[in-house]
Amino acid sequence: MEFAASLWNAGQFVLGYLLPFLFVLTIVVFVHELGHFLVGRWCGVDVKTFSIGFGRELFGFNDRHGTRWRFAVIPLGGYVKFSGDADASSAPDDDAVGRMSAQERARSFPAQSLGERAAIVAAGPIANFLLAILIFAGSAFFFGKQVLIPRVDAVIAGSAAEKAGLKAGDIVIAIDGQKVASFSDMQRIVSIRPEERLEVSVERDGGLVTLPVTPALTEMKTQLGTQRIGVIGVKASPRPEDWKVQRFGLLDSAKTGFVETWFVVTRTYDYVAKLVTGRESTDQLSGPIRIAQVSGIVASNGGLLGLINLAAILSVSIGLMNLVPVPMLDGGHLLFYLYEALRGRPLSPRAQEIGFRLGLALVLMLMLFVTWNDIVHVRGML
């Protein structure tokens, strides 16, 4: 019986958490690496390897251009290896380039112009942002959006809303001149502006009333950790008639894709800025364990559409993370290219080697930290 129970639990873990996680991560990683691959091919660079995952190859094939497409045993990322790259981090292999024929060298990555190399590197994060825009836009166009009218059903006693004079029945129209179309719009604006004075315009008894409201800073436990957000203390309307499905045309869907993607970008930078200044906690930094946990929850509650929308959010996050100017990441390569553009010559091979080693150490330390964060978080939920 114990063996059967263990087998059942293992099956539940694979189906409930691991498969949704791998589904989401594989989409995001594939699109990121495809950006590098396509622009590299467009620039005439030979691509040696397109890998989903790291380590020993599970299976793969060679295309007609000689590129090895492979799935590897550790599915936590991927890479594209161009001709002239020493390894998966795209560190230059000067010795290998020196042994190439003139024709082979012309099709290697190091031989490309500064602009072409920068374009190839930047294509990965850009592909992630485009994927997010496409997913958000497609979701809006094909499925619309469930919208709850921003009607105040009740005001919590002692809250910022009560002190400001909001009343049950008020419909929020705008906050600081920004139009509010749904209750979630109101929550978004308020949550990222704790302890800031906001001018909240509401429709009341057929008229327009503007009230000054200062959201209270509140800690809220979520699947991603404890978040410090602003709240004003109002409850949403529970009435079914206050729900509606908002439909979008092609142009409005495209606009929605950009708006939703930009919201994730700004929210991420806002968190990082507050983290640096000590106004946010590091327990929201998540690694593979918590992403797998969230993927399983989203798959259970939101189905395939929920997972695809999670892929959009994760895609923006990975795009932003890769732009951090740390050697080994795309942002580190772009930093080297900026130096080359300003000085008229690249960094010395020794300086680049030291940079890549430091970058590897920083990335490994970050991975260890977020994994430890995940373990602490999961243990706290047991």
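## Strands side by side

Start with Leu 198: its bridge partner in β8 is Val 213. Strand β7 covers residues 198-204, and seven bridges join it to β8, with the two running antiparallel. (Strands here are DSSP runs of E with at least two residues, helices are runs of H or I with at least four, and both are numbered from the N terminus; two strands pair if DSSP finds at least two bridges between them.)

Zoom out and you'll find an open sheet of four strands in the order β6-β5-β7-β8, paired antiparallel. Its edge strands are β6 and β8 (207-213), each pairing on one side only.

## What you're looking at

This is a predicted model, where local features need pLDDT of at least 70, side-chain atom pairs count only at pLDDT 80 or more, and totals for chains, interfaces and linings use all residues. Residues are numbered from 1 along each chain as its sequence is written, and side-chain values use heavy atoms, leaving out hydrogens and water.

## A pocket and a cavity

Rolling a probe the size of a water molecule over the atoms shows where empty space is left. On a 1 Å grid over the protein atoms alone, a cavity is a set of points where a 1.4 Å probe fits but cannot get out, while a pocket is an open set with protein on both sides within 12 Å along at least five of seven lines; lining residues have an atom within 4 Å of a point. Points are joined across faces, edges and corners, and a volume is the space filled by probe spheres set on them.

The second largest pocket holds about 740 Å³ of space. Of its 22 lining residues, Lys 145, Lys 179, Ala 181, Asp 185 and Val 259 lie nearest the centre. Helix α7 gives the largest share of this lining, eight residues.

The largest cavity has a volume of about 30 Å³. Around it sit Leu 25, Thr 26, Val 29, Ile 52, Pro 75 and Gly 77, with α1 giving the most, three residues.

Phe 54, Leu 58, Phe 59, Phe 71, Val 73, Ile 74 and Leu 76 make a nonpolar surface patch of about 610 Å². (Patch residues have over 30% relative accessible area and no salt bridge, and nonpolar side chains, meaning Val, Leu, Ile, Met, Phe, Trp and Tyr, are joined within 5 Å; areas come from the Shrake-Rupley method with a 1.4 Å probe; a salt bridge is a side-chain nitrogen of Lys or Arg within 4 Å of a carboxyl oxygen of Asp or Glu.) Strand β2 supplies the largest share, four residues, and Phe 59 lies in β1.

How values were computed
Patch = residues over 30% accessible without salt bridge, like charges linked within 9 Å, V, L, I, M, F, W, Y side chains within 5 Å.
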